[in-house]
Each structure stands twice: as C-alpha cells, then as structure tokens.
Amino acid sequence: MAGKIIPDAGIFRRSIGRCFKAFRIAVLVALCCSSIANTDLPTAPAPAVSESPPPLPEVTTEADRAAIERRVDAFVRAITRNPGLSGDDSLVRWNTPICLLVAGLTAEEVKIMSDRLTQIASSAGAPLARAPCHPNFIIVATSEPDRVLDAWHARDSRLFGDATPAQIRQFRENSEARPIRVWYNIDTGRKSGMRNGHFIPSNTRAESSVFAANTVFDFFSIFAIIDTDRTEHSTLQQLADYVAMTGLTNVDLDADLGSAPSILRLFASPGENQASGLSSWDAAFLKALYQSNQTSRTRRFDITERVTHDISR
C-alpha cells in the first residue's frame with residue numbers, strides 16, 4: 001500500500017508563522033490605503049481564481065502496485081518451480097560458502113567473470129569462501145562441451161553427485177542445445193517425521209510446525225559449461241550475469257517469464273526482448289531469496305513482497 005506523507009512538525013509550525021505574519025502585513029497595508037479608497041484611480045479587475053487540479057485518487061497508485069505485484073508473483077512462481085523437487089520443498093540456495101573456479105578463458109577474462117560473479121553473490125547475500133578453498137562452483141568455457149563432460153566424468157565419478165545414469169542421460173539430452181548447461185548437486189538433508197504421534201527431528205534444522213519446512217535444501221556443488229560457439233555474440237558480463245542467476249538458485253530454465261525483464265532471456269529467440277544484463281528484477285529476486293526465511297511455508301509470498309518493494313522504489 002502506498003504510504004501517506006506525514007509533514008515534519010517544525011516545518012508545519014514555521015509555515016503557520018509565515019502565513020500569520022503575511023496576514024498582519026496585509027491588514028496594515030489595507031488600513032494605510034483606506035484614505036485613497038474614493039479617488040478616481042482605475043480599479044484593476046480581480047484576478048481570476050484558478051482552481052488547483054484535484055489530487056490523483058490514491059486508488060491509481062494502489063492499482064499500479066497491484067499490477068506490478070501480480071507480474072512479480074508470476075515471475076517468482078515461474079522460476080521457483082523447483083525442477084526435480086516437490087513444490088512444497090525448500091527453495092534451494094547456497095548455505096555452504098561458494099568457492100569459484102573459472103576455466104577455459106584468458107587470465108583477464110577469468111578475472112572479469114570471477115569479479116562479476118563475486119559481486120552479484122555478495123550483493124545477494126550468498127556466502128563466499130575465503131581463498132584458498134576447494135572449488136564447488138565451477139564454470140568451464142569450451143567449444144566442445146560434450147567432449148569436456150565425457151572426460152571430466154571419466155576422471156571424476158562424483159561429478160553428477162548421486163544422480164542415476166538415467167538422470168545423467170536425461171540432463172545431457174535435454175541440455176545439449178543450450179548455450180550454457182548447468183548441473184546442480186543439491187543436499188536435501190534428512191527430513192523429519194512423525195512416530196506414534198510424536199515429532200521426530202532427524203536434523204538440527206527441523207521444526208515441528210505447519211508454518212516451517214522440515215529441512216532446508218542447499219547446493220554442495222554446481223558446474224556450468226559455456227558453449228563458446230553458441231555464445232559468441234554475448235558479452236563476457238552477460239555470460240557472467242546469466243551464470244550467476246542460474247547458479248545461485250535452482251531456477252527453471254524453461255519457465256514462462258511473461259513480460260518480466262530478466263537475464264534468463266539472454267538466449268531468447270530472435271525478435272524477443274533479450275536481456276543486456278542482470279535486471280533489477282533478477283537482483284531483487286536473488287537478494288530476497290538469500291535474505292528471506294528458507295524454512296517458511298510462505299517463502300514465495302515473502303519473496304514476491306520483497307521484490308515488489310525493491311523494484312517499486
């Protein structure tokens with residue numbers, strides 16, 4: 001709701017004082033000039049009174065805010081469908097400090113991308129590890145993504161976490177045409193439950209409440225493969241912004257974003273409104289995701305409220 005402006009008390013008193021002083025001066029002038037009231041001086045016509053336009057109805061502001069909130073709600077719900085998880089599960093984010101590793105670029109490009117990713121993560125409130133650290137957010141740029149994935153997986157059998165061969169195959173088939181492929185290894189913890197009518201927590205973050213989730217989900221590793229042949233028309237900052245948006249949350253890359261501005265449109269079809277960088281909506285969403293209560297059952301509503309507030313300022 002739009003707030004009402006409360007005038008400062010000091011300013012209000014000074015305004016009254018000035019009005020009263022002006023009134024006294026007007027009375028003295030009228031008394032002094034009363035002796036020439038019957039002279040033959042022409043009388044100037046009274047100035048026309050111009051009525052000030054009526055104030056805009058507050059409902060207009062309310063209607064505008066309601067329209068924005070509906071758009072934000074659709075945006076938030078579209079990108080937080082929690083692919084691979086239940087809609088009732090916790091929204092995934094980083095709770096483990098992020099340790100970045102960028103490969104396949106020049107030293108200067110690595111620094112630019114790393115700095116940009118660090119800046120976005122820090123602004124959102126995501127935890128960052130201190131160097132030296134073990135990389136858990138890895139970005140690789142290559143013109144041969146399939147070959148890199150094959151060699152990487154052959155060297156590291158835990159690259160895809162505990163995913164089944166069918167899940168890995170599905171990921172590779174579905175992401176083959178994507179300019180940037182992102183894989184998430186998510187720590188789902190151990191959910192709590194009920195036994196003989198009693199709440200049995202199975203981890204220290206579990207709560208016995210209809211208002212809070214039993215556990216929170218977080219990333220323990222992510223990798224992003226940038227296909228340099230498919231991204232040759234994108235700037236380094238655009239790629240960094242896209243990787244940040246897709247790597248700081250379990251975003252649905254196939255979500256219908258409606259009319260919402262977002263870096264997720266970077267690889268939209270020609271003619272669509274492609275993004276030039278991280279939008280104010282994206283930044284507000286990431287900030288809301290990392291600063292809201294991860295266990296709250298109303299987390300999507302809370303995020304929508306925060307994003308609406310931030311982009312309406």
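Okay, let's start with two strands: β1, residues 100–103, and β2, residues 137–142, pair in the parallel sense over four bridges. Pairing here means that DSSP finds at least two bridges between two strands. The helices and strands themselves are DSSP runs, numbered from the N terminus: H or I of at least four residues for helices, E of at least two for strands. In this pair, L101 has I138 of β2 as its bridge partner. To get from β1 to β2 the chain goes through α3, and this β-α-β crossover is left-handed.

A quick word on what you're looking at. This is a predicted model, where local features need pLDDT of at least 70, side-chain atom pairs count only at pLDDT 80 or more, and totals for chains, interfaces and linings use all residues. Residues are numbered from 1 along each chain as its sequence is written, and side-chain values use heavy atoms, with hydrogens and water left out.

Now, the sheet. What is the order of its four strands? It goes β1-β2-β6-β3, in an open sheet with mixed pairing. β1 and β3 (180–187) are at the edges with a single partner strand each, so one side of each has no neighbour in the sheet. β3 pairs with β6, residues 218–227, in the antiparallel sense over eight bridges, and I186 has F219 of β6 as its bridge partner.

Next, helices. α3 packs on the sheet and touches β1, β2 and β6, where contact means heavy atoms within 4.5 Å. The direction of α3 makes about 150° with that of β1. Angles run from 0 to 180 degrees between N-to-C directions, and axes are lines fitted to C-alpha atoms, for helices over the stretch in contact.

α3 (residues 107–124) also meets α7 (residues 280–291): their axes come within 8 Å and cross at roughly 55°. On the α3 side the contact is made by I120, S123 and A124, and on the α7 side by L286, K287, Y290 and Q291.

Last stop: T249, in the loop between α6 (236–247) and α7. Is T249 buried or exposed? It's buried, with a relative accessible area of 4%; buried is under 20%, exposed over 50%, partly exposed in between, using a 1.4 Å probe and protein chains only. Leaving out residues up to four places away in sequence, T249 touches V92, Y184, F219, F285, L286 and L289.

Notes: Right-handed = clockwise from strand over helix to strand, strands pointing away.
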